[in-house]
Amino acid sequence: MRMSSTLSNSIRVAPQQERSARRLASFLDAAAELFVGRGYEATTMTAIAERSGSSIGALYNYFPDKPAVALALLGQYAQEMEEQWRPLIEQAKNLSHREFASLFIERITEIFQARPAYLRLLAAPIRLRRDPAAKRALRANIANAFRAKNPSLSGERAALAANVTLQIVRGLITLYGEAGDKAKDLIVEEFKKALTLYLGSVLGS
């Protein structure tokens, strides 16, 4: 199990052996199932330990509290999303702005479908903040991709476009999380249009 910086910052003791890594993964899997089934507020540390088949003491060896578990999961899912985006960002120069916008947003919904706890955590009544350095790195990578696509962009303009793109993504996440199943596809298509129009004004064809 490879740990993200967010995960390593959320746990008390980093696993040094495969057995410990498996136990940590079982805690996170159990928590994710409970967050989806019961919701964040109704899930307890005791329930997470029971679902994973371990003792509450073992769970507390890794995590000081439930927010730390949630933050570890959130960081894991965000890293998975960025790994989905990475090849796309690297290929941006060879994609039209329409193709880039569509694929960029599709990667988000793929993660939500594979990791249903992600939306539950994003809507949880608690502030779960990722590592600022990880956020800066993602913005910088997107800005660099935009400059590769349109070399006439200044660094400042590319950085602004990256920030706006991520704000559009945040809007998608909010509406997608609140919508019923029938409306989700429509919301995705509307945000594809919005991002396509925006990137068209920034990047050209």
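Modeller: The model is predicted, so local features need pLDDT of at least 70 and side-chain atom pairs count only at pLDDT 80 or more, while totals for chains, interfaces and linings use all residues. Residues are numbered from 1 along each chain as its sequence is written, and side-chain values use heavy atoms, with hydrogens and water left out.

Biologist: Which element of the protein has the lowest mean pLDDT?

Modeller: The predictor's confidence in each residue is given as pLDDT, from 0 to 100, and its mean over the protein is 87, with 89% of the residues at 70 or more. Over residues 1-9, however, the pLDDT is below 50. Where pLDDT is low, the predicted coordinates should not be read in detail. Among the elements, the highest mean, 96, belongs to helix α3 (residues 45-52), and the lowest, 48, to helix α1.

Biologist: How many helices does the secondary structure of the protein have?

Modeller: Helices (H or I, at least four residues) and strands (E, at least two) are DSSP runs, numbered from the N terminus. The protein has zero strands, and the pattern along its sequence reads α-α-α-α-α-α-α-α-α-α. The number of helices is ten.

Biologist: Are α9 and α10 roughly parallel or roughly antiparallel?

Modeller: Axes are lines fitted to C-alpha atoms, for helices over the stretch in contact, and angles run from 0 to 180 degrees between N-to-C directions. Helix α9 (residues 155-178) and helix α10 (residues 181-203) pack at about 170°, with their axes 10 Å apart. Angles under 35 degrees count as roughly parallel, over 145 as roughly antiparallel, 65 to 115 as roughly perpendicular and the rest as oblique. The angle therefore makes α9 and α10 roughly antiparallel.

Biologist: How many nonpolar residues does the contact of α9 with α10 have?

Modeller: Contact means heavy atoms within 4.5 Å, and the residues that make this one include Leu 160 and Ile 168 of α9 and Phe 191 and Leu 195 of α10. Ala, Val, Leu, Ile, Met, Phe, Trp, Tyr, Cys and Pro count as nonpolar, Asp, Glu, Lys and Arg as charged, and the others, Gly among them, as polar. Two residues of the contact are polar and two are charged, and the number of nonpolar ones is 14.

Biologist: How do α2 and α5 lie to each other?

Modeller: The axes of α2 and α5 are 10 Å apart, and the two helices pack at an angle of about 95°. Among the residues that meet are Leu 28 and Phe 35 in α2 and Val 69 and Leu 73 in α5. The helices α2 and α5 are therefore roughly perpendicular.

Biologist: Is Glu 50 buried or exposed?

Modeller: Buried means under 20% relative accessible area, exposed over 50%, and partly exposed in between (1.4 Å probe, protein chains only). Glu 50 is found in helix α3, where Met 45, Ala 47, Ile 48, Ala 49 and Ser 52 are buried, and these buried residues pack against α2, α4 and α5. Because its relative accessible area is 61%, Glu 50 is exposed.
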